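Thanks for coming, everyone. Let's walk through one structure together. Please look at the screen.

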Amino acid sequence: MSITVETYATLAEATSAMRDKTQFLGGGTMVVRGINYGAQDYNRVVRSTDAALRGIRNEGNQISIGAGVTMSQIMASSSTDFLAPVARLVGGPAIRNMATAGGNLFVRPPYGDFGTALLALDANVQMSDGQSLPIERFYAQRDSQRGIVAAILLPRPAHGVFRFRKVTRTKPKGASVLSIAATLPGGSRITEARIAFGAMGPTPLRAKEAEQALEGASLDATGIQRALDTCLNGLDPSDDSLASGWYRRAVAPVHLRRLLLGKES
Ligand SMILES: Cc1cc2nc3c(=O)[nH]c(=O)nc-3n(C[C@H](O)[C@H](O)[C@H](O)COP(=O)(O)OP(=O)(O)OC[C@H]3O[C@@H](n4cnc5c(N)ncnc54)[C@H](O)[C@@H]3O)c2cc1C
């Protein structure tokens, strides 16, 4: 099957060119792989050279990451130093040089580690038509829309508040059995925690009951127990070649415990 590739100078033009059987091209690590594997669900690829897709900008206490920014660029920028450990765990070096922040929002499990971090960080997804969507709403409607993401806006977390953990079978570049990201503000007593799991549902998902259970709690074995007991509620992991849904459910609380207590094992 032949594929048409169209390049537009502006995001506005690219947005109007999106229609059925069309994929927007980010870094292409999945789209081009799909073409090579004979994808049947699209025969048109739209890309844009608009500068709005590139660049990491500090906007007061917020950081704007262009959707076309790659994992390698995230790792290299001092503005996104807190996200470097997440970006470093996406694929190997060749993938990280191509894989974009915008593209990571659309991939299926076991991928989507960067999006999991963005969900815990309470990011906003800026669409090319000007809409700004809280990331949780974006994920809820992701599969029913074909808009283009222009940028991601997120608050810079205070030092030490953001944590991330990726569980793989092979190191250093395996895909996720699961990933967990958390923002844990409040010092000795946690307030307004956000916990997101990747590969534990069709999109990254928040563990809201665990978040509530941490309200006012201290980060010690007793303080986090109720969060561990409730963290699986609302999660729906699938079976794949890396792990069964059963296994993912069995180990998720173990890894959440390690993340909350700041332990490697
Ligand atoms: C060998 C290998 C290892 C990988 N390892 C990991 C890993 O460890 N962790 C992980 O999370 N992912 C991994 N991936 C998946 C993938 O590389 C990343 O998720 C990457 O961030 C996807 O971004 P991309 O720019 O390459 O997406 P593309 O392939 O360009 O696009 C992916 C999807 O996103 C859509 N899209 C892209 N950009 C936009 C935009 N701006 N607006 C709207 N839609 C858009 C495309 O239309 C397409 O549907 C791996 C992939 C491979 C091939």
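Helix H6 gives the most to the shell around it, with three residues. Helices here are DSSP runs of H or I with at least four residues, strands are runs of E with at least two, and both are numbered from the N terminus.

A word on the source. This is a predicted model, where local features need pLDDT of at least 70, side-chain atom pairs count only at pLDDT 80 or more, and totals for chains, interfaces and linings use all residues. Residues are numbered from 1 along each chain as its sequence is written, and side-chain values use heavy atoms, leaving out hydrogens and water.

Back to the shell. Strand S2 (22-24), helix H2 (31-36) and helix H6 (101-104) each supply at least two of its residues. Which residues come nearest to the ligand? Out of 29 around it, they are Phe 24, Gly 27, Thr 29, Thr 100 and Asp 113. To count as near, a residue needs a heavy atom within 4 Å.

Now the polar contacts, meaning pairs of N or O atoms within 3.5 Å. Asp 113 has a polar side-chain atom 2.7 Å from a nitrogen atom of the ligand. Gln 23 places a polar side-chain atom 2.8 Å from a ligand oxygen. For Gly 26, a polar backbone atom is 2.8 Å from an oxygen atom of the ligand. How much of the ligand does the protein bury? Alone, the ligand exposes 970 Å², and the protein buries 90% of that. Those areas come from the Shrake-Rupley method with a 1.4 Å probe.

Next, the domains. The chain is divided into domain 1 (4-48), domain 2 (52-155) and domain 3 (162-261). The bounds come from an automatic or database domain assignment. Why does the ligand lie between domain 1 and domain 2? Because both of these domains give residues to its shell. Their C-alpha centres lie 18 Å apart. In domain 1, 13 residues are in contact with 13 residues of domain 2. Contact means heavy atoms within 4.5 Å.

Asp 113 also takes us to helix H7. Eight of the eight residues of H7 (residues 113-120) are buried, so this helix is largely enclosed by the rest of the structure. Buried means under 20% relative accessible area, with a 1.4 Å probe and protein chains only. Among the buried residues are Asp 113, Phe 114 and Leu 118. Just after H7, Asp 122 takes a positive phi of about 60°.

Notes: A polar contact is a pair of N or O atoms within 3.5 Å; within protein, one must be able to donate a hydrogen and the other to accept it, and residues adjacent in sequence count only if both atoms are side-chain atoms. Buried means under 20% relative accessible area, exposed over 50%, partly exposed in between (1.4 Å probe, protein chains only).
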